[in-house]
Amino acid sequence: MTGNIAILGYGLSAIGPGVGIGLIFAAYINGVARQPEARGMLQSIAILGFALAEALAIFGLVLAFVFK
Amino acid sequence: MSLNVLVSLATADGGGYQTPTSGEFYQPLWFDGPLAITRPAVVLMLSVGLIAWWLLATTRKAAIVPSKTQWITEGAYGFIRNGVGRDIIGSKDFLRFVPLLFTLFSLILVNNLFGVIPPIQYPTMSRIGIPIALTLVVYVTYHYIGMKRVGVGQYFKNLVPAGLPGWIVPMIFVLEVITFFITRPLTLALRLFGNMFAGHLLLLLFITGGQYMIINGGIGLKVAGVGSYAMAFVLTIFEILIEFLQAYIFVLLTATYIAGSLADEH
């Protein structure tokens, strides 16, 4: 079997952000379900958290292409 | 982009399937080397012209009862002005940053959407240089307004939250400097680049792979090729969502960083 082991690194780096983004949106859905009028405020916070958690996976993706 | 690959795949029959690589994104149109006029450069200029024309055309005859096009422009502007600028930066200072935020939003959104609009189909932001240029503007802006407001020395002092025990301050200071000067611009540029790059590569893989399977495969692979095309369709819809989201996130983070520089303490 041949291939690039850096891609495995990307797979590993996607685990953490995957779990993190799941937790963020779970909390967001919970919050909106309990208090629907807070939706607008929670939305920008949830997307901000999503963007920050996603950064690690993006690092992994870029490094998978950099270290060929 | 997919067009070139389709053509090259159709001509190179029997050579086995070549998975698309990051090299597909470098497409010089005229000249070569560092001064080459590449496809993203042309798309970027096209987008600037398009945005300028659209904004002028829809707001020149602004009416109290807006037309449909004016309504779209006003909706986008109001979304950035109120939903991002006023809510994040605060009602005192936000107005002077709205032009920056709206420019970034419209430029990124149009360029991202070009990634799926058929005759163009090239997300400009999948070339790392362009997100870096946008990030540089944001980077200089939020450091400049922060340093101008309190002075350079105080700006660095403000990086560390007040009330910490003395022995921990140097460590926190190093961490905060890394966050402010390295991590923030790096993630801002890489997030936009990575999403556009990965999304487009994914579309490319499913479309060229589906085409290869339909042309060169047996009956089973032909069915799988149709499935691959269906997947590409679903992913295109998903990609449009991501494109809106990334433009919004970029502007949201810009506003957050500016608000951090304007806030009284860390």
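Reader: Which residues are buried in α4(B)?

Author: This is a predicted model. In α4(B), the buried residues are B:L101, B:F105, B:S106, B:L107, B:I108, B:L109, B:V110, B:N111 and B:N112.

Reader: What do the buried residues of α4(B) pack against?

Author: Four helices of chain B: α2, α3 (68-89), α7 (169-216) and α8 (219-262).

Reader: What should α4(B) span at 1.5 Å a residue, and how far apart are its end C-alpha atoms?

Author: The 16 residues of α4(B) should span 22 Å. The end C-alpha atoms are 22 Å apart, which agrees.

Reader: Now α2. Which residues of α2(B) are buried?

Author: B:R39, B:P40, B:V43, B:L44 and B:S47. They sit on the same side of α2(B), because they cover an arc of only 130° around the axis.

Reader: How far apart are the end C-alpha atoms of α2 in chain B?

Author: They are 30 Å apart.

Reader: Step back. How many helices and strands in chain B?

Author: Chain B has eight helices and two strands. From the N terminus, the order is α-β-β-α-α-α-α-α-α-α.

Reader: What does the C-alpha trace of chain B span along its principal axes?

Author: About 70 × 60 × 40 Å. Of its 266 residues, 32% count as buried. Among contacts in chain B with a separation of 6 or more, 66% come from residues 24 or more positions apart.

Reader: Where is confidence lowest in chain B, and where highest?

Author: Lowest in helix α1 (residues 2-11) of chain B, with a mean of 49. Highest in α4(B), at 93. The mean pLDDT of chain B is 86, with 93% of its residues at 70 or more.

Reader: Over which residues of chain B does pLDDT stay under 50?

Author: Residues 9-13. For that stretch of chain B, the model has three contacts beyond four places in sequence. Where pLDDT is low, the predicted coordinates should not be read in detail.

Reader: What ipTM and pTM does the predictor give the complex?

Author: The ipTM is 0.79 and the pTM is 0.86.

Reader: How many residues does the contact take from chain A and from chain B?

Author: It takes 11 residues from chain A and 12 residues from chain B. The chain A side divides into nine nonpolar, one polar and one charged.

Reader: Then chain A itself. How many helices and strands?

Author: Two helices and zero strands. The C-alpha atoms of chain A fill a box of roughly 55 × 20 × 10 Å along the principal axes.

Reader: What radius of gyration does chain A have, against a compact globule of 68 residues?

Author: Chain A has 16 Å, but a compact globule of 68 residues would be near 11 Å. Buried residues make up 12% of chain A.

Reader: Some single residues. Where is B:I258, and what does it touch?

Author: B:I258 lies in helix α8 of chain B. Leaving out residues up to four places away in sequence, B:I258 touches B:I89, B:F97, B:T141, B:Y142 and B:I145.

Reader: Is B:I258 buried or exposed?

Author: Buried, because 24 other C-beta atoms lie within 10 Å.

Reader: And B:D32, buried or exposed?

Author: B:D32 counts as exposed, with 9 C-beta neighbours inside 10 Å. B:D32 is in the loop between β1 and β2 of chain B.

Reader: Last one. What phi does B:Q121 have?

Author: A positive phi of about 45°, although B:Q121 is not a glycine. Most residues other than glycine have a negative phi. B:Q121 is in the loop between α4 and α5 of chain B. With 17 C-beta neighbours inside 10 Å, B:Q121 counts as partly exposed.

Definitions and conventions: Residues numbered from 1 in each chain as written. Chains lettered and ligands numbered in written order. Predicted model: local features only at pLDDT ≥ 70, side-chain atom pairs only at ≥ 80, totals over all residues. Contact = placed C-beta atoms within 7 Å. Nonpolar A, V, L, I, M, F, W, Y, C, P; charged D, E, K, R; others polar. Expected span 1.5 Å × (residues − 1). Buried ≥ 20, exposed ≤ 12 C-beta atoms within 10 Å, placed from the backbone. Arc of directions from axis to C-beta. pLDDT = per-residue confidence, 0-100. Rg over C-alpha atoms; globule rule 2.2 N^0.38 Å.
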